[in-house]
Amino acid sequence: IPLSLAVSQGLVFDIDPHPPYIEHIKRLVDIEGIKRSGINVVVDAMHGAGRGYLSTLLSGSEGQILEIRTEVNPAFPGMYQPEPIAQNLARLSALVVERGADVGIAYDGDADRLGVIDEKGGYLSTLEMFSLLALYLLDVKGQRGPIVKSLTSSDMLIKLGRQYGVPVFETRVGFKYIGPRMIKENALIAGEESGGYGYRGHIPERDGILSSLLFLEFIMRKGLRPSELLQYLHS
């Protein structure tokens, strides 16, 4: 059936997923608290789907939210692949240092993965970020629930499980394995080594935007910079 005919028959209709998504995120994260904290963030959208979300959610913030690579470009210039990994984040790292920002945030092309640059321009690995996000939920927010991790993720998560008395389940690599286990265990957090993390109360899939906001909330709640949060994790 031609698309035009399907539309005329009411079989196809357009939706805008942005407003309900943003409203849902606001129920999961203290957006107003982050805005009041004055945190300065540089965001690298990598020409992908994550463009505009942080600047919209944190509009009116007392800190500065600077976004780069916001132009839509499916060729992803300058990148072999649009992954939020250290080799693709040289410009983000330089801008964080140059502007004295508190943190750099990067998303991949479809914004389900998170990359983080600390205030010194250093890259926080995806394994460290998974543990930091789990630590935030367990230690600062006081939440409890299982952790689901791919077998290639850090054993720091197993140590956190012991520390806070929550079970840790390992799966094969990929959210096609992690997601169903996350549902089965009602997991608090789940993730893999590529920088994709999912959360209870959201969808059983990766979300780089929510992950970045939880990390900003962690910075705000503890009053520590990213490199100091990493030291706190190791302590």
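Predicted model: local features only at pLDDT ≥ 70, side-chain atom pairs only at ≥ 80, totals over all residues.
Four strands form an open sheet, in the order 7-6-8-9, and the pairing is mixed. The edges are strand 7, residues 168-171, and strand 9, residues 197-199. Each of these has a single partner strand, so one side of each is left without a neighbour in the sheet. On average, neighbouring strands here are turned by 15° against each other, direction ignored.

For those new to this, strands of a sheet pair through backbone hydrogen bonds, either parallel or antiparallel. Which residue of strand 9 stands opposite Ala190? That is Gly198.

A helix also packs on this sheet, namely helix 7, residues 156-164. Helix 7 touches strand 6, residues 147-150, and strand 7. The direction of helix 7 makes about 155° with that of strand 7.

Now to a pair of helices. Two packed helices are described by the angle between their axes and the distance between the axes. Helix 2, residues 18-28, packs with helix 9, residues 208-222, at an angle of about 30°, and their axes are 11 Å apart. Angles under 35 degrees count as roughly parallel, so helix 2 is roughly parallel to helix 9. The crossing of helix 2 past helix 9 is right-handed.

Which residues make this contact? From helix 2 they are Tyr21, Ile25 and Leu28. Helix 9 contributes Ile209, Leu210, Leu213 and Leu214. By type, the residues of the contact between helix 2 and helix 9 divide into 7 nonpolar, no polar and no charged.

Definitions and conventions. Residues numbered from 1 in each chain as written. Heavy atoms only, no water. Pairing = 2+ DSSP bridges. Helix = DSSP H or I, 4+ residues; strand = E, 2+ residues; numbered from the N terminus. Axes fitted to C-alpha atoms, helices over the stretch in contact; angles between N-to-C directions. Contact = heavy atoms within 4.5 Å. Parallel < 35°, antiparallel > 145°, perpendicular 65-115°, else oblique. Left-handed = near helix turned anticlockwise from the far one by under 90°. Nonpolar A, V, L, I, M, F, W, Y, C, P; charged D, E, K, R; others polar.
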